[in-house]
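Visitor: Could you walk me through this model while I have it open on my screen? I'd like to ask things as they come up.

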Amino acid sequence: MGAGAIRGLGHGVGDVVESLGRLAVFTARILMVTVRPPLRLREFADELFKLGVLSILIISVSGLAVGMVLGLQGYNTLVRFGAEGSLGAVVGLSLIRELGPVLTALLTTGRAGSAVTAEIGTMKATEQLDGLRMMAVDPIDYVVRPKAWAMICVMPLLSALFILTAIGGGYVVGVGLMGIDGGTYMSSLENSVDFGNDVAGSILKAVIFGVLVGLIATYRGYTSAPTSAGVSAATTSTVVIASVSVLIFDYFITALWGV
Amino acid sequence: MNETGTRDFLVGLFVLAGLGALAFLSFSIGGLRYTGEGGLPVYATFDQIAGLKPKAPVDIAGVKVGQVTGISLDESYRARVDMDLDRNLKLPVDSSAAIVTSGLLGDRYIQLSPGAEDRHLAPGEQIPYTESALVMERLIGKFLVNVGDSPKEDSQSGSGSQETAPAP
């Protein structure tokens with residue numbers, strides 16, 4: 001009984017270490033083909049379209065909603081202390097430092113990461129990856145590389161769009177509905193946000209989250225079981241693992257670099 | 001345009017919009033300077049800055065002309081406040097700087113009052129006259145002490161029946 005539990009623990013730890021090792025090998029293989037010609041810019045541009053352009057709607061609508069809620073909540077709290085002039089700082093700082101990159105990563109995981117896993121998984125289940133290998137085309141080079149890099153490039157751009165629409169949403173509520181002066185809102189925002197402390201950290205977070213989501217989504221698809229149940233399980237686990245690791249990494253980035 | 005062309009156009013537009021948003025966040029909201037040190041750096045020393053922070057605005061007659069870039073302690077234990085002003089500003093050498101508060105509990109900022117000399121401050125020079133921040137707690141303390149004193153004198157001359165009455 002006791003020995004069985006310990007054996008189970010050892011097995012679990014072994015599994016975790018093994019899958020981390022496989023992920024590291026997978027990452028190294030992507031890096032090795034990254035600058036190998038042909039660069040496959042056509043595929044890369046198509047992935048930018050699928051992961052980026054098609055995510056703009058959900059990102060901007062969510063950004064607007066989050067900004068409006070922040071504006072309303074912030075105003076209701078600040079007005080008790082007569083400090084509603086600081087609404088711009090409250091909305092801007094919380095968005096730039098935390099909410100922008102994190103919510104963008106979560107939304108992009110659900111919107112685009114799951115699609116990446118499902119696409120690669122289906123290609124595997126229908127033996128398209130084997131077909132590529134038959135033609136001496138490395139699937140990591142042709143399928144995985146454009147998707148992973150597109151995810152990394154898209155994340156900071158989407159995060160910046162999210163933050164801007166959310167700041168706009170806060171402006172609509174604060175200035176339009178609650179009657180704060182527009183100049184007060186913007187100047188409190190500009191005075192409290194610093195490039196080195198806040199904006200650079202926000203971009204760093206978004207890039208790291210892009211790496212995480214891109215790697216997890218492609219890896220899960222590439223290693224999915226070649227059945228319909230396997231693809232569905234891989235898609236689910238992409239969303240779960242990517243979301244959780246984004247939140248955990250967010251804590252550590254904040255703790256280590258103070259952004 | 002064929003389908004691929006439209007797609008590429010949208011991708012290009014997306015990348016431009018994203019980079020534009022990043023640039024706006026960095027330069028406009030984040031205040032990143034791309035022309036290097038182009039301002040007019042000056043400094044002033046105060047006895048008490050009471051919560052003035054870097055990046056606080058510096059204004060003249062309510063118009064923002066610069067911001068606080070650094071706060072440090074000088075050799076005589078006074079607070080040295082470095083600020084970066086608008087390059088085109090001509091500030092007379094006998095100007096004065098005061099730390100004031102926006103609203104009762106609002107943020108502290110520096111208000112400059114231009115002097116009357118013909119010579120203007122050069123980069124790196126000191127603003128000679130300063131007025132320190134008012135510390136609200138100290139003012140309230142003084143007020144309470146004063147208010148607390150006066151009824152005591154009254155009670156000594158009077159009946160003494162109001163000893164237990166709290167200060168208003």
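Visitor: What share of the residues in chain A is buried?

Guide: This is a predicted model, and in it buried residues make up 42% of the 259 residues in chain A.

Visitor: And how much of chain B counts as buried?

Guide: For chain B, 21% of its 168 residues count as buried.

Visitor: What is chain A built from, helices or strands?

Guide: Chain A has 9 helices and 0 strands, so its pattern along the sequence reads α-α-α-α-α-α-α-α-α by the DSSP runs used here. Its C-alpha atoms fill a box of roughly 65 × 55 × 35 Å along the principal axes.

Visitor: What about contacts in chain A, how many join residues 24 or more positions apart?

Guide: Taking the contacts in chain A with a separation of 6 or more, 87% are between residues 24 or more positions apart. In chain B, among contacts between residues at least 6 apart in sequence, 58% join residues at least 24 apart.

Visitor: Let's go inside, then. Which residues touch the most other members of the largest nonpolar core?

Guide: Those are Val154(A) and Ile163(A), in a core that holds 66 residues. The elements that give two or more residues to this core are α2 (41-52), α3 (56-78), α4 (87-125), α6 (139-177), α7 (182-192), α8 (195-222) and α9 (228-257) of chain A, together with α1 (3-29) of chain B.

Visitor: Which element gives the largest share of this core?

Guide: That is α6(A), from which 20 residues of the core come.

Visitor: Back to Val154(A), what is it in contact with beyond its neighbours within four places in sequence?

Guide: With those neighbours left aside, Val154(A) is in contact with Leu48(A), Leu51(A), Gly52(A) and Gly210(A). There is also a second, separate core of 22 residues, which includes Val65(B), Ala79(B), Val81(B) and Leu91(B).

Visitor: Now the place where the chains meet. How many residues does each chain bring to the contact?

Guide: The contact takes 25 residues from chain A and 22 residues from chain B. On the side of chain A that touches chain B, the elements giving two or more residues are α2, α6, α7 and α8 of chain A, and α6(A) gives the most, with 7 residues.

Visitor: What classes of residue are on that side of chain A?

Guide: By class, the side of chain A that touches chain B has 17 nonpolar, 5 polar and 3 charged residues.

Visitor: Switching to chain B, what is its pattern along the sequence?

Guide: Chain B has 2 helices and 7 strands, and the order along the sequence is α-β-β-β-β-β-β-β-α.

Visitor: Do β5(B) and β6(B) run parallel or antiparallel?

Guide: Strand β5 (residues 96-101) and strand β6 (residues 108-113) of chain B run antiparallel and are joined by 6 bridges, and Thr101(B) stands opposite Arg108(B) in β6(B).

Visitor: And how many bridges join β5(B) to β7(B)?

Guide: There are 3 bridges between β5(B) and strand β7 (residues 129-131) of chain B, and these strands run parallel. The bridge partner of Ser96(B) in β7(B) is Tyr129(B).

Visitor: Last one, which domains does the assignment give for chain B?

Guide: The domain assignment of chain B gives domain 1 (1-32) and domain 2 (40-136), and the C-alpha centres of these domains of chain B lie 39 Å apart.

How values were computed. Residues are numbered from 1 along each chain as its sequence is written. Chains are lettered from A and ligands numbered from 1 in the order in which they are written. This is a predicted model: local features need pLDDT of at least 70, side-chain atom pairs count only at pLDDT 80 or more; totals for chains, interfaces and linings use all residues. Helices (H or I, at least four residues) and strands (E, at least two) are DSSP runs, numbered from the N terminus. A residue is buried if 20 or more other C-beta atoms lie within 10 Å of its own, exposed if 12 or fewer, and partly exposed in between; C-beta atoms are placed from the backbone. Two residues are in contact if their C-beta atoms, placed from the backbone, lie within 7 Å. A nonpolar core is a set of buried Ala, Val, Leu, Ile, Met, Phe, Trp, Tyr and Cys residues joined through C-beta atoms within 7 Å. Ala, Val, Leu, Ile, Met, Phe, Trp, Tyr, Cys and Pro count as nonpolar, Asp, Glu, Lys and Arg as charged, and the others, Gly among them, as polar. Two strands pair if DSSP finds at least two bridges between them. Domain bounds come from an automatic or database domain assignment.
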